[in-house]
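Visitor: Please guide me through the model shown below, one question at a time.

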Amino acid sequence: MMRPADVETRPRRMPTSNTGAGVALALGGGFSRGFAHLGVLEVLEQEQIPVSGIVGTSIGGLLGAAYADGISVRELCELGSRVRLRDFIRFHHSNRGQQGKDLIGQFVREWFRAGGLEELSIPTAIVTTDLDTGAPHVFTRGPLELAVRASCAFPGLFKPVEHEGRLLADGCIAAPVPTAIAARIGGGCVLGVAVNSNAASASSPENVVKVFDRGFRASHRSALEPSWARYADILLEPEVHHIDWNDFSRVSEVFAAGAQAMRRALPYLRESLDRWSRLASVPDASICPESGLAL
């Protein structure tokens, strides 16, 4: 996955917003299914819809941060199509028997220009799970490699990452789709993307887009509804349930499903953004520069 010497990340074309006027993306985990996030991002870019922040967990954190660093959607899709499961779970060992960094860390070091989260062109938060408490631990600044490795450290495939006395693992454990975190530190309109759910399998294609009134859903949520759903203004569930979580040979199909779901949601997203922009009381919604936020 080494970056060719003549490949440079391009300037971000999509307008960004640090004032809460744009959309705060909450990108969930789902391994190969997570490439649907890139379809969502491409449609937002094509439609010139500003992004006020990206909050990602697991593959959502990796791809969201890569995009915020300026790596193009198409380039990321091409990389994804070349990935195999063994690439992610292979570890190198030193002569002393100590475990080295995996290929996720290698990817971050070789492809990212930014070394820290605070250097990304779009404010970005990466969600991990504190294994001692079971609560989310959120990185909004600090080393990108550490945050991404921790967020993708799925138990049984990767060792937890030690950081400041904590054992951190895959963000999906605590926040499968980090809408609550996006609502709290990103503000504004929250667009959640769930790719690890089978909910869409029982739905018609039109039902892959769910539009919520966040205040109403907070007090009238269904017992069958995942807790994170009530924090989204719009929730996308691209039709990727039929694709195995480790099947990277179908990245283009997953990408298309994400783009299709986002296209269907555009009228609702524009309406929600208009509503948020009219709220005179909306405070500054830029992601706070804390090194770790336990929620």
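Visitor: How many helices and strands make up the secondary structure of the chain?

Guide: This is a predicted model, in which local features need pLDDT of at least 70 and side-chain atom pairs count only at pLDDT 80 or more, while totals for chains, interfaces and linings use all residues. Residues are numbered from 1 along each chain as its sequence is written, and side-chain values use heavy atoms, with hydrogens and water left out. Helices (H or I, at least four residues) and strands (E, at least two) are DSSP runs numbered from the N terminus. On that basis the chain has 9 helices and 10 strands.

Visitor: What percentage of the residues of the chain count as buried?

Guide: Buried means under 20% relative accessible area, exposed means over 50%, and partly exposed lies in between, with a 1.4 Å probe and protein chains only. Of the 295 residues in the chain, the buried share is 55%.

Visitor: What percentage of the accessible surface of the chain belongs to carbon and sulfur atoms?

Guide: Accessible areas come from the Shrake-Rupley method with a 1.4 Å probe, and for residues only the protein chains shown count as cover. The surface of the chain is about 12,900 Å², and the part belonging to carbon and sulfur is 50%.

Visitor: What percentage of the contacts in the chain with a separation of 6 or more comes from residues 24 or more positions apart?

Guide: A contact means heavy atoms within 4.5 Å. Among contacts with a separation of 6 or more, the share from residues 24 or more positions apart is 78%.

Visitor: Which elements do the buried residues of H3 pack against?

Guide: Helix H3 covers residues 73–81, and its buried residues are Val73, Glu75, Leu76, Cys77, Leu79 and Gly80. They pack against H1, H2, helix H5 (103–111) and H9.

Visitor: What distance separates the C-alpha atoms of alanine 259 and valine 43?

Guide: Alanine 259 is placed in helix H9 and is buried, because its relative accessibility is 16%. Leaving out residues up to four places away in sequence, it touches Gly39, Val40 and Val43. Valine 43 is 216 residues from alanine 259 along the chain, yet their C-alpha separation is 6.1 Å.

Visitor: What is the relative accessible area of proline 238?

Guide: Proline 238 lies in the loop between strand E9 (234–236) and H9. Beyond four places in sequence, it touches Ala36, Val193, Ala194, Val195, Ala257, Gly258 and Ala261. Proline 238 is buried, with a relative accessible area of 2%.

Visitor: What phi does phenylalanine 31 have?

Guide: Most residues other than glycine have a negative phi. Phenylalanine 31 sits in the loop between strand E1 (23–27) and helix H1 (36–46) and is buried at 15% relative accessible area. Although it is not a glycine, its phi is positive, at about 55 degrees.

Visitor: Where is serine 58 found?

Guide: Serine 58 also has a positive phi in a residue other than glycine, near 55 degrees. It counts as buried, because its relative accessibility is 8%. Serine 58 is found in the loop between strand E2 (51–57) and helix H2 (59–68).

Visitor: Which residues are the closest to the centre of the second largest pocket?

Guide: On a 1 Å grid over the protein atoms alone, a pocket is an open set of points where a 1.4 Å probe fits, with protein on both sides within 12 Å along at least five of seven lines, and lining residues have an atom within 4 Å of a point. The volume, meaning the space filled by probe spheres set on the points, is about 250 Å³ here. Of the 15 lining residues, the closest to the centre are Gly30, Phe31, Phe154, Asp170 and Trp245.
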